[in-house]
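Trainee: Please take a close look at the ligand site of this model, and then relate that site to the packing around it.

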Amino acid sequence: MQKKDVEILIVGAGIIGTAIGAELSRRGAKVCIIDRGTVGRGCSYGNAGWMTPCFAMPLPMPGMLLKSMKWLLDPEGPLYIKPSLSVNLAHWMWAFMKAMNETQARKAVEALVVLSQKSLTEYEKLGQKYPALNFEQKGLMMVSRTQPGVDAAVAELNYVKNLGVPGKVLNGDDIAAMEPALKGPLLGGVYFSNEAMAEPFQVVQALANEIRAYGGEIIENCELQDIVISGNKVESVLTSQGEFKPQQLVMATGSWSKDLARLMRLRVPILGGKGYAMIVPPLEKQPQYPIMLVEKKIAITPRQGSLRIAGTLELVDQDFTITQRRVESIKKGAREFLHLPQDLEIQELWAGLRPCTPDGVPLVGYHKNISNLMLAVGHQMLGLQSGAGTGLLVADLIEGKTPFVDLKVLDANRF
Ligand SMILES: Cc1cc2nc3c(=O)[nH]c(=O)nc-3n(C[C@H](O)[C@H](O)[C@H](O)COP(=O)(O)OP(=O)(O)OC[C@H]3O[C@@H](n4cnc5c(N)ncnc54)[C@H](O)[C@@H]3O)c2cc1C
C-alpha cells in the first residue's frame with residue numbers, strides 16, 4: 001500500500017483533536033485527522049456540556065486526601081477506585097498524592113482558567129455560526145444542603161475570582177428564588193454568571209465541519225496501530241487504512257493515550273475516570289440553569305426537551321462496562337434535589353472515560369525526545385471547557401509562537 005504524505009496528522013477526533021484540527025485548518029495548515037471510530041464518539045460524546053472556567057481545579061487539590069480516601073472506599077461515592085493490585089494504578093495513586101500541594105494547585109488553576117476562558121470565547125463564536133450547538137450562557141449554580149458543601153463552593157469561588165471568573169455567594173432563599181425546580185430547603189451555594197453550556201457532540205461535529213470546510217481531511221474507522229521512530233523523529237504511522245508519513249504528529253487520543261504512548265516507549269500515565277450520563281424526559285419542574293450538586297458531584301444540565309444527569313468518577317483502565325449500582329447512586333443523588341418521577345424513564349445511558357493524569361493537568365506540547373511529536377492529552381474533567389483553548393495553544397506552538405499560558409504547568413515531558 002502506498003504511503004500517504006501529510007503535513008500534520010492528528011490522531012483522535014474527540015473535542016481535543018477536532019479543536020486542534022479546526023484551528024490549524026483555519027490558519028492554512030494541511031491537516032489530516034484519523035479516528036479508530038467515528039467523529040466525537042469517545043469521551044466527548046455525552047459529557048455534561050459545561051463550558052465553565054469556574055471548574056478549573058485539578059483533581060488532586062490540597063486537602064483532598066482525607067476526603068478522597070473516604071470516597072474511594074465507598075462504591076456509591078462520587079469518586080471510586082476498585083481495589084486492585086495494578087502497577088499502573090499504584091504509580092498513578094502515588095503521583096496523585098504527591099501533586100496535592102498548594103503551589104502546584106495554584107499554578108494549575110491559573111493555567112486551566114486561561115485555557116477555559118479562551119475556549120469560552122471561541123465557543124461563543126462557534127455557537128453563533130452553528131445554532132445546533134445550543135450554546136447558552138446562563139451561568140451555573142453550585143448548590144448544597146450542608147455547611148461543608150457550601151464551604152466547598154465558596155472555596156471554589158475564592159480560588160477563581162481573582163483570575164477573572166465572576167461569581168456570587170447564594171443563601172437558601174436566593175437559590176429558591178432563582179431555581180424553583182430544586183427541592184428545598186437548601187443552605188446555600190454560589191452562582192457563576194459567565195458559564196455556558198452546549199451540546200457536546202454537536203460541538204465536535206461543528207469543529208469537524210470547520211476542518212472539512214477549510215480543506216482538511218477526516219478519516220474515520222482508521223486505527224493507529226504502530227509508530228515508526230527514526231532518530232529523534234516520527235518517521236511513519238501505521239494504521240488499519242495504510243501508512244502515513246507525517247511531518248508532524250499530534251496525539252489527541254484521550255484515555256487511550258497510555259497504551260499508544262507505549263508504542264513509542266513513552267510514559268503517559270493516563271487512567272480513565274469513568275463517568276455516566278443519562279438523558280431523561282423533561283421534568284414537570286424542569287431546571288433552568290446547569291446545576292452542580294456539590295456533595296453528590298452530580299451535574300444537571302437542562303436541554304431542549306430533556307434533561308442530562310451526569311456524575312461519578314471511577315478510576316479504571318479502559319473499562320467501559322456500566323455498573324448499575326453507580327447509575328442508581330446518581331439517580332438517588334439527583335432525586336434528593338429534583339422532582340424526579342418514581343418511574344424515571346432513561347432515554348439514553350452513556351459511559352465515558354475522562355482521560356485523567358495523576359496531577360489533574362493535561363499534557364500539551366512537543367516531546368523532548370521526538371521532535372515532531374506533539375501531545376495534547378489528559379484533559380480529565382474539563383476537555384470540553386478547555387478544548388478550543390487547547391486548539392489555539394497547539395496551533396501557536398506548531399507555528400512557533402510564544403504560548404499564551406504557562407507551558408511548564410502543562411509540560412508534556414513531566415512524567
Ligand atoms: C460523565 C462525564 C461528564 C463530563 N462533563 C464535562 C463537562 O461538562 N465539561 C467538560 O469540559 N468536560 C466534561 N467531561 C470530560 C470530557 O468529556 C473529556 O475531558 C473530553 O471529552 C476528552 O476529550 P478527548 O478529545 O481528549 O478524548 P475523546 O473524546 O475520548 O477522544 C479521543 C479519540 O481518540 C480516538 N482514538 C483512540 N485510540 C485511537 C487509535 N489507536 N487510532 C485512532 N484513533 C484513536 C478515539 O476513538 C476517540 O475518538 C465529562 C466527562 C464525563 C465522562
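Mentor: Among the 35 residues around the ligand, the nearest are D35, S44, L224, Q380 and Q385; a residue counts as near a molecule if one of its heavy atoms lies within 4 Å of it. The model is a predicted one, in which local features need pLDDT of at least 70 and side-chain atom pairs count only at pLDDT 80 or more, while totals for chains, interfaces and linings use all residues. Residues are numbered from 1 along each chain as its sequence is written, and side-chain values use heavy atoms, with hydrogens and water left out.

Polar contacts are pairs of N or O atoms within 3.5 Å; within protein, one atom must be able to donate a hydrogen and the other to accept it, and residues adjacent in sequence count only if both atoms are side-chain atoms. A polar backbone atom of R36 lies 3.0 Å from a nitrogen atom of the ligand, and a polar backbone atom of C43 lies 2.9 Å from an oxygen atom of the ligand. N47 instead uses a polar side-chain atom, 3.0 Å from a ligand oxygen atom. The ligand taken alone exposes 1,000 Å², of which the protein buries 97%; these accessible areas come from the Shrake-Rupley method with a 1.4 Å probe, and for residues only the protein chains shown count as cover.

Helices (H or I, at least four residues) and strands (E, at least two) are DSSP runs, numbered from the N terminus. The largest contribution to the shell is that of β17, with 4 residues.

The packing can be taken next. The largest nonpolar core has 48 residues, of which I10, L24, M51, Y123 and V203 touch the most other members. Such a core is a set of buried Ala, Val, Leu, Ile, Met, Phe, Trp, Tyr and Cys residues joined through side-chain atoms within 4.5 Å, where buried means under 20% relative accessible area, with a 1.4 Å probe and protein chains only. The elements that each supply at least two residues of this core include α1 (15-26) and α10 (383-398), and α10 gives the most, with 7 residues. Leaving aside residues up to four places away in sequence, V203 touches I15, M51, Y123, L126, L133, A198 and L384; contact here means heavy atoms within 4.5 Å. Another core, of 30 residues, lies apart from it and includes F55, V160, V294 and A299.

Terms used: Buried means under 20% relative accessible area, exposed over 50%, partly exposed in between (1.4 Å probe, protein chains only).
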